[in-house]
Amino acid sequence: MLPTPSREFQFTEQDFEKVRKLIYNYAGIALSPAKQDMVYGRLAKRLRALGLQSFNDYLQLLERGNSKEFELFTNSLTTNLTSFFREAHHFPILAEHLLAHRSAGALQVWSSASSTGEEPYSIAMAACEAFDSMRPPVKITATDLDTNVLETGRIGIYAGEEVERMGPQRVKRFFDKLADGRYQAKQELRDLITFKRLNLVEATWTIRGPFDVVFCRNVMIYFDKPTQLKILERFAPQMKPSGLLVVGHSENLYHAAQLFKLRGKTVYELV
């Protein structure tokens, strides 16, 4: 890509390729050539914040191993599109599975790309409704690469219109309305979830199964096939023999047929 005169900072093809290599090696995220403008827009904010004059200066800072800036670099390039009860067909399946295995004691669910928390809170609400209790026998581990979104999840405060889409019954049962019109998840709901930072492509995972259900929705689309398979190979031993793996509407696990078989719409079980 040639330097664009209208841009505040020069952003060359070489700069973009360095960004692609850095984020792939660190997080397994495969950026397509079509993402050049997106990358420029997001990282230009970091250059302004740091008072840097060029992408070359910024990339040198990252390559010198500035861990705090690398965290902010990663946060800038990860996408956090989510909502409560997104892909709603998964939650009745979750509820049915949890009830069917209640005799096993405490049930464990992992939201492996929890973003700002809407997914793990939806899991928590589904569990509460299934057991008709604000203290169901369920523990939810919520992980993400992005430290900013994890903090949002821990606090559990969301815009009024986002929460109110769930309907008055759920809002009343699971949220407290704040003075500014936003809502905060009730303490009992927050107590069901542990938020932790985790990079799915790191050599060591700081979570412990076995899990009854693993949610990994709309995450695999950011990885190439070899990276996807490596992650799936690590999911399998983290799951109970009866465990379920829930993926996104545009994802399939055909390339991991030796590990998982389709059980229902974008829901898999171990082979």
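In which loop is Pro210 found? Select Pro210 in this predicted model: the residue is found in the loop that runs between strand E6 (193-197) and strand E7 (211-216).

Next, colour the chain by domain. The protein is divided into domain 1, covering 13-76, and domain 2, covering 89-270. Nine residues from domain 1 and twelve residues from domain 2 take part in the contact. A distance drawn between the C-alpha centres of domain 1 and domain 2 reads 29 Å.

**The interface**

Display the surface where the domains meet. The size of an interface is often given as the accessible area lost when the parts come together. Here domain 1 and domain 2 bury about 880 Å² between them, and 45% of that area is on carbon and sulfur atoms. On the side of domain 1 that touches domain 2, helix H1 (13-27) and helix H4 (67-77) each supply at least two residues. Sorted by class, that side of domain 1 has five nonpolar, three polar and one charged residues.

Salt bridges do occur in the structure, which holds 15 of them. For one example, select Glu71 and Lys68 and show the side chains. Glu71 forms a salt bridge with Lys68, and the closest N and O atoms are 3.5 Å apart. Both residues belong to helix H4; because they are three residues apart there, about one helical turn separates Glu71 and Lys68.

Continue to Phe85, which is placed in the loop between H4 and helix H5 (90-100). Inspect the backbone at this point: phi of Phe85 is near 55°, a positive value in a residue other than glycine.

**An aromatic pair**

Finally, turn to the aromatic rings. The structure holds 18 aromatic pairs. Among them is the pair of Phe11 and Tyr40, which is tilted, with 5.8 Å centre to centre and 50° between the planes. Phe11 lies in the segment before H1 and Tyr40 in helix H2 (residues 36-50), so this pair ties together parts that are 29 residues apart in sequence.

Conventions. Residues are numbered from 1 along each chain as its sequence is written. This is a predicted model: local features need pLDDT of at least 70, side-chain atom pairs count only at pLDDT 80 or more; totals for chains, interfaces and linings use all residues. Side-chain values use heavy atoms; hydrogens and water are left out. Domain bounds come from an automatic or database domain assignment. Contact means heavy atoms within 4.5 Å. Buried area is the accessible area (1.4 Å probe) that two parts lose on being put together, summed over both. Helices (H or I, at least four residues) and strands (E, at least two) are DSSP runs, numbered from the N terminus. Ala, Val, Leu, Ile, Met, Phe, Trp, Tyr, Cys and Pro count as nonpolar, Asp, Glu, Lys and Arg as charged, and the others, Gly among them, as polar. Rings of Phe, Tyr and Trp (its six-membered ring) pair if their centres lie within 6.5 Å; planes under 30 degrees apart count as stacked, over 60 as edge-to-face and the rest as tilted. A salt bridge is a side-chain nitrogen of Lys or Arg within 4 Å of a carboxyl oxygen of Asp or Glu.
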